Amino acid sequence: MARARSLAAAAAFALIAVACAGGDGDGSGAQPDAADAAAPAPSTTLGAAQAEVVEAREAGEATGADVREETAGPVHGGRLVYAIEADTANPFAPYAALCAISCRMIMRAITESMYVTDANGDIVPYLVESETASDDFLTWTLTIRDGITFHDGTPLTGEAVAYNINLCRFSQQTGPGYLGIENVWGEGQLVHYETSIPFATGPGPASREQGCGFMFSPAWLETLPNNPMYISPFSPLSADERAAGLASATGDPSAPVGLGAFRFVEYTPGNGNSFIAERNPDYWRGPNGITGENLPYLDEIEFVVSVDITGRSNGLRAGQFHVIHTDNADEISKYESNDDFVLLQANNFGETHFSFMNVASGTNPVLAAQRSLDEPVPMDPLGLNAANPLVHLSCRRALAHAFDGERFVNERYHGLVQVANGPFPPGSMGHLADSGYPSYDVEAARAEFTQCKADSGQNPVTFGFNSTNDPFNVESNELIVSMWRAAFEDEIAVTIQPIEQGQYFGLALAGLYEMMAMRSHGGVDPIEQWLWWNSVTALPIDPRVPELASNVGRFQDPAIDAAYDVIRHNPDPVARREAAEEVNRAFGRNVWNLWTHWTLWSIVASPRVQNLTNLSIPGSEMGAFAVNSGAHHVAQIWCIDGDCQE
C-alpha cells in the first residue's frame with residue numbers, strides 16, 4: 001500500500017518515540033548524584049509492603065500492583081500532583097502525538113482506550129463491549145458500549161470510533177500500523193473492519209490499547225489543522241473537501257476532548273510546566289454514567305513535567321509532588337528500604353534497554369514486492385553505511401560476547417534489574433531462558449573478533465556509538481566500551497557520540513548512525529512489535545529520497561517475517577507462542593541488537609495516595625494490569641480524607 005512507501009520525518013519520528021522516548025536511565029533527564037544529601041535515609045529493615053515489592057522485583061514478577069490495605073476510604077476529593085519524566089511533542093491527537101510513557105499517563109486521565117490489558121496480561125475489550133470475526137478473519141465487527149459521552153456531550157458511537165481509526169489509517173505517521181486493513185466504517189454502536197489479510201487476534205494492534213486505541217471527540221478532531229483528512233496525501237477527500245475542511249480548522253490540538261475520568265482544563269508545555277484536568281461528572285464509570293460506580297475520586301489531577309529525576313524526587317520529598325515515576329535505579333534504590341514513601345515496582349511486560357546497529361546493505365526484495373517493483377530495492381545506494389563493521393555478524397557477535405551483563409547491571413543499576421538476552425522480558429510471550437544470544441565469554445569474543453577483522457577489512461575495527469547527552473547514559477555506554485577495549489585492546493576504536501535527545505531519534509530513523517543506545521519494545525503481546533522488526537519497514541538510506549524507517553536497524557530476517565505471519569494471523573495461542581520464541585531465537589542467532597537489561601519502572605508516592613494502580617474492569621472479575629510499560633490508570637486513585645497533601 002502507498003502508506004508504506006514514504007514516511008514523513010515527523011511520522012516516523014513519532015513511531016519511534018512511542019516505543020522508546022527517553023527515560024531516566026537511557027533517555028532524557030539528568031541523573032541523581034549518588035551522594036545526594038537530600039536522599040531519603042534508608043531504614044535497617046523493610047516494612048511488610050516494601051518487602052513484598054522487593055521480593056516480586058527479584059523474581060522478575062513485579063507488576064506494580066498496590067498491595068496495601070485501604071485506609072478509611074475510598075473517598076472523594078483532593079488534588080493530585082503527579083511529576084512525569086517528559087513533555088509530549090505534537091500533543092495530543094493520537095495520529096500526531098509523540099506519545100511515550102508520560103503522554104500515556106495523561107491519555108489515561110482524559111480519555112479511555114478501546115481495550116485494556118487485564119491482570120493475566122490479556123488484551124480485553126473496554127470501551128468495546130464485544131467483538132466478532134468472520135471464519136476467515138477478513139472481517140471484524142466491534143460493538144461499542146452504549147450511553148458513553150465525550151466531554152463535549154457528543155456520544156461515543158460506532159461512527160465516532162471509525163472516524164478516530166480512519167484518521168490514524170490516513171495519517172503518514174500511524175498509517176503503516178494499518179497495513180492490510182482496507183475499510184473501516186461505523187453504524188450505530190457497531191464498527192466494521194474489512195481486511196485484505198486475516199487478523200486472527202483482532203484488527204490492530206494500533207487500534208487497541210495504546211496510541212490510536214484512545215478515543216477522542218470527532219467534533220474536536222474535525223477542528224484540528226493537522227487532521228489527516230485535510231493534509232495527508234492518503235486522505236479519501238477531494239481537493240475541494242480538503243481545502244474547505246482546512247479553512248475552518250481553527251481548533252487546538254493541545255486542548256483535547258476525550259471521554260475519560262478527567263476533562264481538560266489547561267496545558268502549558270515544557271519542563272516545569274503542566275497539564276491540568278478536573279473531575280468529569282459525567283464519566284461513564286461514575287454515578288451519572290452507565291455503570292453507576294463512584295469513579296473518579298479525585299477532584300483534580302495535575303501532571304507536572306520534571307525532566308531531572310533529582311528534582312522530581314526532591315519535589316516528592318518536599319511535598320510539591322504526590323506521585324512520581326522513574327526507571328532510574330539510582331533513585332529507586334533509595335526508596336527500597338524507606339517506609340516513609342510508597343514504592344511500587346514493575347518489571348513484568350516492561351521495556352528492554354539495548355543498542356541497535358545499522359546493518360543496511362545489499363537489497364530488500366520484500367520491500368520491492370510490497371511496492372510492486374521489478375527490481376530489488378537497494379538499501380544503501382550511496383554507500384553511507386558501507387564502512388560500518390556492524391553489518392557483519394562476526395562483529396556483532398564479538399561485541400555481544402565481550403559484554404559482561406552482570407557487572408553492568410550491578411555497577412550502573414544497583415543489581416535491581418535483570419540482564420537481557422532478547423527483546424521479551426520474563427513473563428512475556430516469547431521469553432526464553434536461553435534464546436541463543438551470545439553469553440559473556442571473552443575467549444569466544446576474541447575468536448569472533450578475529451573473523452570480524454577479516455570480514456570488515458579493518459584493524460582497528462572502528463565505529464561510532466551514539467548516546468543521548470545525559471551524563472548517566474554517557475557513563476553507562478562508556479562502561480560498555482571499556483569492556484570491549486579490555487577484550488580487544490587497541491584493535492577496536494569506538495567513539496562515544498553524545499547527542500541532544502531532540503535530534504537523537506531523527507538520526508536513527510534516517511539511518512545516519514552506526515550504533516545507538518535505546519529503550520523500547522514494551523508491551524504485552526509480540527504483535528505490538530511488528531512495525532519495528534519487519535523487512536517491509538526496513539527502508540533505504542538515501543538522503544536524496546528521504547525514507548525514515550520504523551525498522552531503524554534496517555535488518556531483514558526471513559525467520560522473523562515468517563514468525564510474524566503466525567503471530568499476526570494465526571489464532572492458535574500455542575502456535576503464536578512458538579512463533580514469538582522463534583523471533584527471540586532469530587535475534588539470538590543474528591544479533592540484530594545488543595541487549596543490556598530489562599527495564600524496572602517504579603511509582604513512588606506519598607502514603608496519603610491510595611490505590612495507585614488497581615483499576616477494576618466492568619463486567620469482569622479480573623482487574624486491569626497494574627503498570628504496563630511504565631504507565632498505569634488513575635481513575636481509581638483516592639487520597640486519605642480527600643486530601644492528598646500532608
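**Close-up 1. Glu-475 and its salt-bridge partner, Arg-412.** Glu-475 comes out as partly exposed, at 43% relative accessibility; that label covers everything between buried (under 20% relative accessible area) and exposed (over 50%), using a 1.4 Å probe and protein chains only. Its side chain meets that of Arg-412 in a salt bridge, 3.5 Å from N to O. The pair ties together distant parts of the chain, 63 residues apart: Arg-412 sits in helix α12 (residues 405–413) and Glu-475 in helix α14 (residues 471–488). Arg-412 is buried, with a relative accessible area of 14%. For the record, a salt bridge here is a side-chain nitrogen of Lys or Arg within 4 Å of a carboxyl oxygen of Asp or Glu. Helices are DSSP runs of H or I with at least four residues, strands are runs of E with at least two, and both are numbered from the N terminus.

Some notes for every view: this is a predicted model, where local features need pLDDT of at least 70 and side-chain atom pairs count only at pLDDT 80 or more, while totals for chains, interfaces and linings use all residues. Residues are numbered from 1 along each chain as its sequence is written, and side-chain values use heavy atoms, with hydrogens and water left out.

**Close-up 2. Arg-577 and Glu-581 within helix α18.** These two are about one helical turn apart, because they are separated by 4 residues in helix α18 (residues 573–590). Arg-577 is partly exposed at 36% relative accessible area, whereas Glu-581 is buried at 16%.

**Close-up 3. Asp-542 with Arg-544.** Here the N to O distance of the salt bridge is 2.9 Å. Asp-542 is buried, at 12% relative accessibility, while Arg-544 counts as exposed at 56%.

**Close-up 4. A salt-bridge network.** Glu-85, Asp-327, Glu-351 and Arg-519 are linked together by salt bridges. Across the whole structure, a search turns up 20 salt bridges.

Close-up 5. Leu-382, Leu-384 and Leu-512 make up a nonpolar surface patch of about 260 Å². Patch members have over 30% relative accessible area and no salt bridge; like charges are joined within 9 Å, and nonpolar side chains (Val, Leu, Ile, Met, Phe, Trp, Tyr) within 5 Å. Areas come from the Shrake-Rupley method with a 1.4 Å probe, and for residues only the protein chains shown count as cover. Leu-384 belongs to the loop between β15 (377–378) and α11 (393–401), and is partly exposed at 46% relative accessibility.
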